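Open the model in your viewer and show it as a cartoon. The tour below tells you what to select at each stop.

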Amino acid sequence: METPGRRRRLRWWPRSLYWRLALGFLAITTIGVAAADVYAARALAEGLRNRLDQQLASIRQDRLDELETSSDLEPAGATAVVLLTDAIGRVVQRESGAMVERAVIRLSGADLDRMATTGRAGAVGPAPMRAVVEKLPDGGFLVIAESTADDTATVHNLVVIEAVSGVPLIAGVVLGALYFSRRTISPLKEITATARRFAAEGAPSQRVSAPVSTAEVQALADAFNAMLGRVDEEFNRRRKAEEQLRDFVGAASHELRTPLTAIGGYAQLVRFGALDDPARLDDAMRRVQNETRRMSVLVDELLLLARLDQGRPLECRPVDLAELCADAVADARVTAPDRPVTLVVEPGPHVVTGDPDRLRQVVTNLLANVVAHTAHDVPAEVRVGREGDEQIVDVVDGGPGIPEELRERVFERFFRAGGGPARPALRDGTPAPGSGLGLSIVAAIAAAHSGSVRVEASESGAWFRVRLPALTPA
């Protein structure tokens with residue numbers, strides 16, 4: 001958990017991702033360049049020191065060889081000092097180069113003995129020098145020292161060069177980082193601007209269109225566009241659903257108002273004694289009964305559609321479509337004896353899984369649609385077949401048919417050619433009866449059985465094709 005003290009300490013840290021990237025690049029580059037410079041300076045100093053130690057070891061060996069043949073010392077160079085001391089460190093003989101003529105080496109006997117024992121070069125002073133010591137047989141010491149001033153100057157020059165060249169290097173890297181950070185951040189700004197426009201205007205059709213330079217930002221932009229696409233689809237779906245609901249409520253109200261108006265009118269006539277004639281009263285009661293039955297059927301159809309919309313489970317068992325269609329055709333022949341209705345069943349089993357009462361209602365409604373929209377002598381045919389994994393039920397009539405522009409809308413609830421409750425005109429100009437729910441119930445039942453129904457193109461008459469998944473034998 002972040003404490004108030006930690007928040008105060010981090011208040012200077014920018015919240016902008018752009019500046020965080022810039023400062024991050026600056027810090028990393030500075031640390032990297034400084035580390036490289038320190039490493040280079042230390043490596044150079046170490047290398048020069050090792051080289052000097054090797055030179056001192058070589059001079060020591062040369063002077064030991066000379067002391068075996070002569071007691072005199074020879075100079076070892078302009079920057080070197082050669083000393084002979086006694087056992088307590090007093091200088092007995094000295095030879096030095098011109099550049100270290102005044103160099104002073106102060107080493108006690110113990111220091112000389114320690115350096116001679118280790119055999120390694122070490123720093124001596126007070127001047128910046130390194131020396132090696134060799135203990136002689138007479139108890140004295142041979143000291144070979146050389147100045148480190150040149151090596152120190154070389155390392156110092158390298159540090160100066162690194163400092164001078166590191167500043168523009170860091171500046172160049174930071175400028176490049178700022179440029180690429182801006183290019184990387186620009187799509188994020190576009191996404192933010194699109195999101196703000198969406199929040200302000202509520203227009204999900206907007207999309208992120210800025211060029212994307214990295215795979216991660218591209219993935220974010222794609223995901224954001226996909227989200228906006230889903231929101232757009234849901235927005236359109238809900239708007240369409242609201243429009244359909246308004247149309248549905250308006251059409252249902254109109255359909256219910258008609259029988260209620262008739263029933264109310266007859267009730268007023270009875271109340272005011274206008275139907276004192278028994279024959280007129282009997283006719284009025286018959287009309288009231290018909291309107292009541294019509295309203296009851298309409299309410300039942302609305303309840304059925306509501307149940308199907310809610311996805312309530314239907315009965316699920318094997319259903320023989322050939323037998324079901326034969327019963328529906330037989331009922332149609334009884335209710336419309338003047339109409340030729342035939343049944344054609346292709347060879348083979350025609351079994352699906354579903355609710356037999358609802359599936360029979362599909363065929364019954366399609367045949368009722370033929371009876372309601374065509375003349376009494378127009379023939380109708382029911383065909384049962386199979387295509388692949390689907391069972392097919394076709395209901396075809398020889399009537400005026402359905403105009404092509406209306407074939408996609410005939411399954412809408414309460415739809416009748418005028419788009420509302422008014423009776424539509426068919427190809428022959430006759431009005432279309434019915435409440436406008438029969439075909440919508442057919443479509444809802446087919447969808448509840450994972451099937452579909454549509455109007456197929458036909459040169460004459462209407463051709464409805466129902467597709468249902470065939471029952472696969474165990």
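Select residues 109-118, helix α3. Helix α3 lies across β1, β3, β4 (129-135) and β5, and runs at about 80° to β4. Helices (H or I, at least four residues) and strands (E, at least two) are DSSP runs, numbered from the N terminus. Axes are lines fitted to C-alpha atoms, for helices over the stretch in contact (heavy atoms within 4.5 Å). Angles run from 0 to 180 degrees between N-to-C directions. This is a predicted model, in which local features need pLDDT of at least 70 and side-chain atom pairs count only at pLDDT 80 or more, while totals for chains, interfaces and linings use all residues. Residues are numbered from 1 along each chain as its sequence is written, and side-chain values use heavy atoms, with hydrogens and water left out.

Next, select the sheet under discussion. Its 5 strands form an open, antiparallel sheet in the order β2-β1-β5-β4-β3. Two strands pair if DSSP finds at least two bridges between them. At the edges stand β2 (91-96) and β3 (122-124), each with a single partner strand, so one side of each has no neighbour in the sheet. On average, neighbouring strands of this sheet are turned by 30° against each other, direction ignored.

Now pick out β1 (residues 80-85) and β5 (residues 141-147), which pair in the antiparallel sense over 6 bridges. Show Leu83 and find Val143 in β5 opposite it.

Move on to Gly354, in strand β8 (residues 351-354). Is Gly354 buried or exposed? Gly354 is buried, with a relative accessible area of 3%; buried means under 20% (1.4 Å probe, protein chains only). Leaving out residues up to four places away in sequence, Gly354 touches Glu315, Cys316, Arg317, Val319, Leu359 and His449. His449 is 95 residues away from Gly354 along the chain, yet their C-alpha atoms are separated by 6.4 Å.

Keep Leu359 selected, as Leu359 is one of the residues that line the largest cavity. On a 1 Å grid over the protein atoms alone, a cavity is a set of points where a 1.4 Å probe fits but cannot get out, and lining residues have an atom within 4 Å of a point. Helix α8 (356-373) gives the most to this lining, with 4 residues. The lining divides into 10 nonpolar residues, no polar and no charged; Ala, Val, Leu, Ile, Met, Phe, Trp, Tyr, Cys and Pro count as nonpolar, Asp, Glu, Lys and Arg as charged, and the others, Gly among them, as polar.

Conventions
1 Å grid on protein atoms, 1.4 Å probe; cavity = no way out; pocket = protein on both sides within 12 Å on 5 of 7 lines; lining within 4 Å. Buried < 20%, exposed > 50% of the residue type's maximum accessible area, 1.4 Å probe, protein only.
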